[in-house]
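Subject: Structure handover

Hello,

The structure is below, with notes on what was found in it after that. Please read the two together.

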Amino acid sequence: MAPSFDLIGLVVADLSKSLAFYRRLGLNIPASADTEPHVEVALPGGLRLAWDTAETVRSFDPGWTPPSGSPRIGLAFRCDDPAEVDRVYADLVGAGYEGHRQPWDAFWGQRYAIVHDPDGNSVELFAALPTT
């Protein structure tokens, strides 16, 4: 039997700021989670997304240090249609989050945009473009 992929974990500098960002994307994260050292939510399809503070990670991996350079992870959120990509991008940027790439029609047939979460991770928004 092979291991099964189950969880995506993010190490964050400020848990409440990170959770607020992902709540704006529609994840159901209770407000009480803001004061926890570890938070996880179930995603559609059975995967889980988790957040840990650096202190929590160091509690079981004392030598852990934050990576440097550009983020190496990208999380992608599917939107219902191209207009929703534009709306969600505008909402996040309007709320003060960093817009990395404004919505565009990608050659692979999707409306696409990229924002950064509070820790600099790429969060991609996409929806299929209408076929002609």
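**A buried arginine and a helix**

Arg111 is buried, with a relative accessible area of 16% (buried means under 20% relative accessible area and exposed over 50%, with a 1.4 Å probe and protein chains only). This is a predicted model, in which local features need pLDDT of at least 70 and side-chain atom pairs count only at pLDDT 80 or more, while totals for chains, interfaces and linings use all residues. Residues are numbered from 1 along each chain as its sequence is written, and side-chain values use heavy atoms, with hydrogens and water left out.

Arg111 sits in strand β6, residues 110-116 (strands are DSSP runs of E, at least two residues; helices are runs of H or I, at least four; both are numbered from the N terminus). Its side chain makes polar contacts with those of Asp86, at 2.9 Å, and Asp105, at 3.0 Å (a polar contact is a pair of N or O atoms within 3.5 Å; within protein, one must be able to donate a hydrogen and the other to accept it, and residues adjacent in sequence count only if both atoms are side-chain atoms).

Helix α3 covers residues 82-94. Its buried residues are Pro82, Val85, Val88, Tyr89 and Leu92. Seen down the axis of α3, these fall within an arc of 125° (taken from the directions from the helix axis to the C-beta atoms), so they line one face of the helix. The face turned away from the buried side carries the exposed residues Ala83 and Gly94. Just after α3, Gly96 has a positive phi of about 100°.

Regards

Note on methods
The expected span of a helix is 1.5 Å times one less than its number of residues.
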